[in-house]
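Subject: Structure for your review

Dear colleague,

My notes on its contents follow directly after it.

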Amino acid sequence: MDLQLNAKRALVTGSTAGIGFAIASALAAEGAHVILNGRTQPRVDDALARLRAACPQAAVRGIAADLSTATGVAQLLAACPEVDVLVNNLGIFASVPFEAIDDSEWFRFFEVNVMSGVRLARHYLPQMKTRDWGRIIFISSESGVCPPAEMVHYGMTKSAQLSVSRGLAETCAGTRVTVNALLPGPTRTEGVAEYLDDLAKQKNLSFTEMEQQLFSSARPTSILKRLIEPAEIASTVAYLCSPLSAATNGAAIHAEGGVVRSLI
Ligand code: NAD
């Protein structure tokens, strides 16, 4: 299937690793002109080299900017004033007991996970409406609808993204701009692998045993019963970025392996 993304300018935030890198790779393979982003130039350069090695025809460039602050977002916008597709992928997580999350940590999570996307959308959405075409995707999480006890602050940001995404879609009525959110489930990224590896060591289990325990106790409703591969999230995002997905707007699309036991 041709996703008709050829030469579309697509910014993927937090894309030097994990799901973001997989999304950038999928869009580049479809012919989009991709802008990678990470915090440091060496990480961005490394990701550019990996992407070009995997996809030699890729039209891709990178911008180092820390999107956890308004200043960092402004730097990125100066280097990349126009896009057709914005994927708000950047997001951080941490397993911390509720009682130990202080005010500054609540605000930090909100700023990184929610305000980075809000600030970028505030800049790019008006021009998408003027051109009467555009795509904004917020990478939320199953945690946005099933708030996790071990990271309540993270869950709050992922729910907030769903609300922002739907609200922005409402402002696009009558245009060919779509705004959607995607809800991944537990995905085999470097960060998640490290997290599970640490837990496995604490419990004297192998990584495979730890993965099995994740799906028998922490996420027992998973139908997939394994970690999702980043490319399996990226393929859904690439479709949502495509002109072919025109009828999907204001939606919260699940790609979480069936963890969320719900009919809609
Ligand atoms: P990751 O930690 O593997 O990658 C994060 C990327 O963001 C890296 O490229 C990192 O350099 C970059 N980054 C971090 N802070 C940054 C900043 N301040 N400015 C710019 N770049 C920054 O992340 P991931 O696990 O792939 O998660 C990506 C998104 O998917 C997040 O929004 C996360 O909440 C969501 N998600 C992940 C999972 C999962 O299991 N991995 C599940 C559900 C949802």
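Asn204 is located in the loop that joins α6 (190-203) to α7 (207-218). Its phi angle is near 60°, a positive value in a residue other than glycine. With a relative accessible area of 72%, Asn204 is exposed. Please bear in mind throughout that this is a predicted model, and that every value in this message is computed from it.

A positive phi is also found at Ala7, where the angle is near 65°, again in a residue other than glycine. Ala7 belongs to the segment before β1 (9-12). The relative accessible area of Ala7 is 41%, so this residue is classed as partly exposed.

The ligand site

Which residues are closest to the ligand? They are Thr16, Asp66, Asn89, Tyr154 and Thr187, from a total of 28 residues that surround the ligand. Considered by secondary structure, α1 (18-29), β2 (33-38) and α5 each contribute at least two residues to the shell around the ligand.

- Tyr154 places an N or O atom of its side chain 2.6 Å from an oxygen atom of the ligand.
- Asn89 has a polar backbone atom 2.7 Å from an oxygen atom of the ligand.
- Thr189 has a polar side-chain atom 3.3 Å from an oxygen atom of the ligand.

Taken alone, the ligand would expose 840 Å², and the protein buries 90% of that area.

Thr189 itself is found in the loop between β6 (177-184) and α6. Thr189 is buried, since its relative accessible area is 14%, below the 20% limit used for that class. Between Thr189 and Met151 there are 38 residues in sequence and 18 Å in space, from C-alpha to C-alpha.

Aromatic pairs

In general, a pair of aromatic rings is described by the distance of the centres and the angle of the planes. The count for this model is 3 aromatic pairs. One of them joins Phe93 and Tyr154, with ring centres 6.4 Å apart and planes at 70° to each other. This pair is edge-to-face, because an angle over 60 degrees places it in that class. The two partners come from distant parts of the chain: Phe93 lies in the loop between β4 (85-88) and α4 (103-131), while Tyr154 lies in helix α5 (residues 152-170), 61 residues away. Phe93 is partly exposed, at a relative accessible area of 33%, whereas Tyr154 counts as buried, at 13% relative accessibility.

Another edge-to-face pair is formed by Phe98 and Trp106, at 6.3 Å from centre to centre and 75° between the planes. Both residues count as partly exposed: Phe98 has a relative accessibility of 46%, and Trp106 has 23%.

Ring pairs also connect Phe93, Tyr154 and Tyr195 into a cluster.

Charges over rings

Lys8 lies over the face of Trp133, 4.2 Å from the ring centre. Arg50 is placed over the face of Phe21, at 4.5 Å from the ring centre.

Cysteines

How many disulfides does the structure hold? The number is 0. For Cys241 the reason is distance: the closest cysteine sulfur, in Cys80, is 14 Å from the sulfur of Cys241, which is too far for a bond, because a disulfide requires sulfur atoms within 2.5 Å. Is Cys241 buried or exposed? Cys241 counts as buried, with a relative accessibility of 0%. Cys146, by contrast, is partly exposed, with a relative accessible area of 31%.

A glycine in α3

Gly72 is part of helix α3 (residues 70-79). At 4% relative accessibility, Gly72 counts as buried. Gly72 and Arg39 are 33 residues apart in sequence, and their C-alpha atoms are 9.1 Å apart in space.

Yours sincerely

Methods
Residues are numbered from 1 along each chain as its sequence is written. This is a predicted model: local features need pLDDT of at least 70, side-chain atom pairs count only at pLDDT 80 or more; totals for chains, interfaces and linings use all residues. Side-chain values use heavy atoms; hydrogens and water are left out. Rings of Phe, Tyr and Trp (its six-membered ring) pair if their centres lie within 6.5 Å; planes under 30 degrees apart count as stacked, over 60 as edge-to-face and the rest as tilted. Helices (H or I, at least four residues) and strands (E, at least two) are DSSP runs, numbered from the N terminus. Buried means under 20% relative accessible area, exposed over 50%, partly exposed in between (1.4 Å probe, protein chains only). A charge sits over a ring if NZ of Lys or CZ of Arg is within 6 Å of the ring centre and within 35 degrees of the ring normal. A residue is near a molecule or strand if one of its heavy atoms lies within 4 Å of it. A polar contact is a pair of N or O atoms within 3.5 Å; within protein, one must be able to donate a hydrogen and the other to accept it, and residues adjacent in sequence count only if both atoms are side-chain atoms. Accessible areas come from the Shrake-Rupley method with a 1.4 Å probe; for residues, only the protein chains shown count as cover.
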